[in-house]
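Hi,

Here is the structure I said I'd send over. Have a look at it first, and then read on for what turned up.

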Amino acid sequence: MQLRGYQTDALNKIRQACSDGKKSILVVSPTGSGKGVILSSIIKSANNKSKKVLFLVHRREILFQISEYLDKYNIDYGVILSGEKYHGGHLVELATVQTLNSRMKRINYQKADIIIIDESHHATSETYGTAIEAHRGNIVIGFTATPCRKTGKGLGTLFDTLINVATIAELTKQGHLVPIKYYAPSEPDLSKIKITAGDYNEKQLDQVMREPKLVGDIVENWSRIAAGLQTIVFTTTVAHSVAVCEAFNHVGVASEHIDGRTDKQERLGIISRFRSGRTQVLCNCAVLTEGVDVPEIACVIMARPTKSLALYMQTIGRGMRPAEGKTFCTYIDHAGACYEHGPVDEITDWTLDEDKKNSSTSNDERKERESRPITCDMCDMVYTKQLKCPQCGTIPDIKRMSKDVEYIDADLGEVCFKTKKVKKTHSKQEKQDWYAQFISYARTKGFKDGWYSHKFRSRFGTWPKGLVRREQQPTVEVLSWIRGQAARAAIAKKNGG
């Protein structure tokens, strides 16, 4: 096996930890660090010493991925997997934890000397507890890119030693990952506000700020920022994923949906069409965060709020693998998660302490230094610590976009973390193009002349003074915006708004 320098260093650290008598070792191996090669090296070394190795996972897709590496390096293995007949006598066995637990007492299972747990941030669950307890006293090596619980707390209840393979910043500098361009709400506080009828007092507002909503129309912002890029979308629910998929298809962008009930063969077909480019947008809810290696992904849309550092990193990681012609990954963040957790390449200070929350130290310091203001849409006053504008009394407007998710109307802009500001400008040419496309759409539909001027005002907050009345074929972005406006108006009318 051809090992990179940092991979050799990581293997040496793992060997040293074992020599020092450590029994529970957690290895932090980010996307792009070559985890499969490192795992195969450990397994092959143990195999050469006649040590039995159990490779344990929670999903069969991950098991199949490591089996490809073992096949490549001619390492013999058996599998313990639902639907597969068990054949004992192998020094290396790959198993899903669910199947191992159910079969351990029914088959002639010889306990392993070394257990390797992939995606080991799941290993604190009761499901893993049964398998780990059965091997108590033997070596456990966990691998993960996100060494923390959903709460961000460390994994010290299971592991006593932490080894970093490499940081995301190092991997990006060496070309093993591509850098990220972040696009997020220009008023980040709005992504954390839940609005119901009326106003809030300060105590209510503090509670409301913890329940984020989504900012900006998904298809419209994608069309402006990342049109043409192979894109994966992470949504809040299955119904939300289906709705987003339909929205893309409605404006002519080939899109498909995957969820936990999607048949295995159908899923393989969907991913194959996506990789070939026949499908441009792949929508899902909580099934493509792990065990997915698709370098063609050039854009990730975060269409779900999350306080989870692990989930944030997992979603970004889907788009960071290099591919031909890909120089960066676009991360379109409708929930402001990048403000909550910071740039992914700043997250380096991992801890096993179960009483301490893992986070980006740089971003924590940034948040302490800065108060994120709200800019009033009506009078442009900038204010903080309350919802209603103290000058004119305006409350930010939220409208229902679907029965599952609420959105605040806004454009997303590129985030510059050094200044913590968002680039948000509309050039005269951009306004002219939108105006011309509104005119073309209105005349195609037979609308009155005043329609396109009112739509322009809705879009840019001003009348189209000084712009030329001409026609221009509407783009996907403009069609999506018009469709979104119509959908919101229809829902508002239905709800009596």
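One term before the rest: a residue counts as buried when its relative accessible area is under 20%. Also keep in mind that this is a predicted model.

I'd start with strand β1, residues 24-28. Five of its five residues are buried, so the strand is largely enclosed by the rest of the structure. In a regular strand, side chains alternate between the two faces of the sheet. You can follow that here: Ser24, Leu26 and Val28 point one way from β1, Ile25 and Val27 point the other way, and all are buried.

Which strands does β1 pair with? One is β6 (residues 139-144), in the parallel sense and over five bridges; in that pairing, Val28 has Thr144 as its bridge partner. Another is β7 (residues 161-164), again parallel, with four bridges, and there Leu26 sits opposite Leu162.

Now zoom out to the sheet. It is open and built from seven strands, ordered β3-β4-β2-β5-β6-β1-β7, with parallel pairing. At the edges are β3 (78-80) and β7, each of which pairs on one side only. From one strand to the next, the twist averages 20°.

If you look at β6 again, you'll find it also pairs with β5 (residues 114-118), in the parallel sense over five bridges. Ile114 of that strand stands opposite Ile139 in β6.

Cheers

Technical notes
Residues are numbered from 1 along each chain as its sequence is written. This is a predicted model: local features need pLDDT of at least 70, side-chain atom pairs count only at pLDDT 80 or more; totals for chains, interfaces and linings use all residues. Side-chain values use heavy atoms; hydrogens and water are left out. Buried means under 20% relative accessible area, exposed over 50%, partly exposed in between (1.4 Å probe, protein chains only). Helices (H or I, at least four residues) and strands (E, at least two) are DSSP runs, numbered from the N terminus. Two strands pair if DSSP finds at least two bridges between them. Axes are lines fitted to C-alpha atoms, for helices over the stretch in contact, and angles run from 0 to 180 degrees between N-to-C directions.
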